[in-house]
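Me: Could you walk me through this protein model with a few questions and answers?

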Amino acid sequence: AFKAAVLIQQWYRRYVARLEMRRRCTWRIFQSIEYACEQDQIKLHNFFSYLVDQFTPSSSKERDFISRMLVSGESYKEAELEKCCDYESIEVPDSYTGPRLSFPLLPDHATALLEAYQQKQQLHARYVLNLLHETRKHLKQLPNISHVSTCYSEEVTVCGDLHGQLDDLFLIFYKNGLPSPSKSYVFNGDFVDRGKQSLEILVILFTFLLIYPKEVHLNRGNHEDHMVNLRYGFCGGLSTMSRALCKVHGKKILRMFQNVFCWLPLATLIDQKVLIIHGGISDTTDLNMLEKIQRDKFISVLRMKKRKESSRKPEIQAINGESKSESDAAGNEAPARLSLQPQSAQAPSTANRLEFSRWLRQTVQEQMDTCRRLVDISESEPEEPTYSSMVSLKDVDEPCWTRQEEWKQILDILWSDPMPQDGCRENKVRGGGCYFGPDVTEKFLDKYSLQFLIRSHECKQEGYEFCHNRKVLTIFSASNYYEIGSNRGAYVKLGPDLIPHFVQYQANKTAHMLTMTQRQGIPVALISRVEESAFRALREQLFAHTSALISAFKAYDGDNTGRITLSNWATAVESVLRLGLPWRMLRPQLVRSTQDGMLEYKSWLDDLAMEQRSQEHIQSSLLEVIYRNRSNLETIFRIIDRDHSGLISFEEFQQTWKLFSSHMNIELTDDGINDLVRSIDFNKDGNIDFNEFLEAFRLVKQCP
């Protein structure tokens with residue numbers, strides 16, 4: 001009996017270990033593909049930004065198009081946003097049966113909104129714009145770092161990424177209760193993208209924010225970014241939703257969302273002891289700087305605009321006392337008319353701080369007026385003072401940071417991840433932010449007298465995870481993120497003692513309906529299902545890089561036998577995909593048949609092609625290109641579609657083609673561009689939809 005018990009125990013341990021290994025491998029596959037996709041988005045954005053920087057508009061119309069094509073680091077003008085938010089001119093038809101909002105909002109409005117969304121109803125465009133208008137007004141008065149105290153409520157609930165998964169938000173409210181004067185919430189960014197109900201989540205959160213401004217706090221995440229939204233679905237989903245609500249107002253709604261995102265606070269501090277940020281920190285993170293940054297300047301933090309930095313160089317030279325002749329002698333060519341040297345009276349002595357401050361503001365205002373006249377920009381209407389502007393005015397003694405330093409501060413707290421090793425290094429896996437080690441965390445906590453950090457940004461299998469000696473807590477609230485059963489969601493509750501209490505869940509309707517007997521087999525079944533989904537995604541990645549893989553395999557096949565060793569196969573695959581995966585461990589799931597430890601790589605690639613080939617019988621080489629570039633093509637389509645209508649107009653296509661032609665030194669007349677765009681418009685409706693865009697790409701790739 002004793003021997004039998006030992007054998008059973010050994011068998012069970014091996015079985016559990018194999019399950020855990022399968023789960024970890026599956027997790028690595030999903031995360032590697034996700035982060036590689038984020039790298040692609042940053043590269044694509046950098047490419048378009050480079051085109052914009054090198055393109056010289058020949059007319060005011062082209063200049064306006066380029067300025068709107070990629071959102072610059074500057075905030076929208078107040079007058080333009082007021083025009084976008086003209087909700088009072090929008091009529092709600094009598095046939096509308098959805099929820100209705102009136103301001104100021106009351107708890108009953110939030111309850112009605114939740115019930116409407118549970119019944120798959122939608123909020124009319126008028127109410128969406130009105131809500132965004134009021135939310136923006138409220139956010140503008142908030143500091144960059146919100147302060148929360150457990151003295152006023154028994155506990156504070158912190159939620160992580162939701163990513164458009166409304167069922168998870170409903171489940172949190174069901175388990176933990178709705179926001180109220182006695183129940184505070186902090187939502188730590190990434191409300192949108194990937195999921196299909198981003199708009200609903202934002203409407204609910206903004207509604208509760210306005211009803212309970214002291215109890216509901218929202219942090220900005222890396223997905224509250226216009227350029228990230230272009231790739232991951234919020235822009236596309238919102239334009240579809242807006243067309244269903246009201247065709248003519250989709251562009252206005254999206255524009256307002258972009259501006260509201262840049263006004264979201266950057267962090268939350270609980271009892272001056274627990275800091276909540278979306279991504280992480282770096283060895284240069286400075287809370288004093290973060291408190292004073294004018295956060296609305298950074299609509300997108302994916303890339304710092306070189307053009308904006310270069311345009312500020314004359315101002316810096318003027319402040320440093322460099323003359324125009326000196327800068328020209330150094331090789332900086334500047335038009336003679338663009339002189340930003342102070343033309344007012346000589347600067348007073350810095351001993352009289354008030355007089356010097358007054359002179360400095362007057363000089364800067366004169367220079368701004370000169371710049372507006374030179375670039376033909378009219379001065380926008382005066383804005384109401386914001387928290388950031390008031391801080392800037394009253395703290396004239398504080399150091400003046402460069403735009404690059406401010407941008408890096410925001411980039412690091414939105415995009416960074418912790419690592420187990422000491423130090424701080426560039427986060428090349430994501431393409432933005434950094435990796436920070438336990439030593440960086442310890443120094444940061446000691447510097448600001450903090451107990452620990454709460455961050456999100458990374459999906460965790462259990463919904464939460466401690467690292468850095470339990471000084472960094474990752475909380476992730478989107479369950480079933482990669483696939484049904486892939487992970488749990490979680491939220492954390494903090495009381496006056498600041499001891500974290502976790503609640504885990506899985507918003508899976510199918511699992512809730514199973515009996516206890518059926519649930520006993522769920523772990524194995526779910527692991528198999530998630531594992532199958534992960535390997536399917538990985539095989540798609542392999543197929544999308546067929547041409548590069550063949551070249552890599554041939555480098556190890558000197559005799560041209562068509563066969564390579566499995567070790568060389570693993571090395572070659574990693575050199576092409578660069579996903580950092582344990583290919584030797586994954587090989588049994590990817591390579592089904594070998595002879596004498598050798599792989600016939602051509603037949604293996606043919607098998608991959610057979611799996612991916614569509615019913616339209618597209619040739620394998622073409623399908624490979626479409627698989628590899630589809631996400632990029634969707635993003636490019638959304639960038640060109642500047643009004644986010646889901647259709648590219650002839651004018652939008654013409655202006656974009658001028659960008660490409662100037663970059664590739666291709667001369668093409670306006671008539672030639674018109675002929676080209678008409679040839680892509682297959683159904684002759686005067687617009688190009690995504691299917692036509694993709695079809696044109698397919699036809700071009702088929703041409704010899």
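The questions below look at confidence and aromatic rings.

Reply: Happy to. This is a predicted model, where local features need pLDDT of at least 70, side-chain atom pairs count only at pLDDT 80 or more, and totals for chains, interfaces and linings use all residues. Residues are numbered from 1 along each chain as its sequence is written, and side-chain values use heavy atoms, with hydrogens and water left out.

Me: What pLDDT does the chain average?
Reply: pLDDT is the predictor's confidence in each residue, from 0 to 100. In this chain, 63% of the residues score at least 70. The average pLDDT is 76.

Me: How is the pair of Phe-173 and Phe-208 classed: stacked, tilted or edge-to-face?
Reply: Rings of Phe, Tyr and Trp (its six-membered ring) pair if their centres lie within 6.5 Å; planes under 30 degrees apart count as stacked, over 60 as edge-to-face and the rest as tilted. Here the centres are 5.5 Å apart and the planes at 65°. The pair is therefore edge-to-face.

Me: Are Phe-173 and Phe-208 buried or exposed?
Reply: Buried means under 20% relative accessible area, exposed over 50%, and partly exposed in between (1.4 Å probe, protein chains only). Both Phe-173 and Phe-208 are buried.

Me: Why is the pair of Phe-444 and Tyr-448 called tilted?
Reply: Both residues are buried. Their ring centres are 5.1 Å apart. The pair is tilted because the planes meet at 55°.

Me: Which ring does the charged end of Arg-470 sit over?
Reply: A charge sits over a ring if NZ of Lys or CZ of Arg is within 6 Å of the ring centre and within 35 degrees of the ring normal. For Arg-470, the distance to the centre is 3.9 Å. The ring is that of Phe-466.
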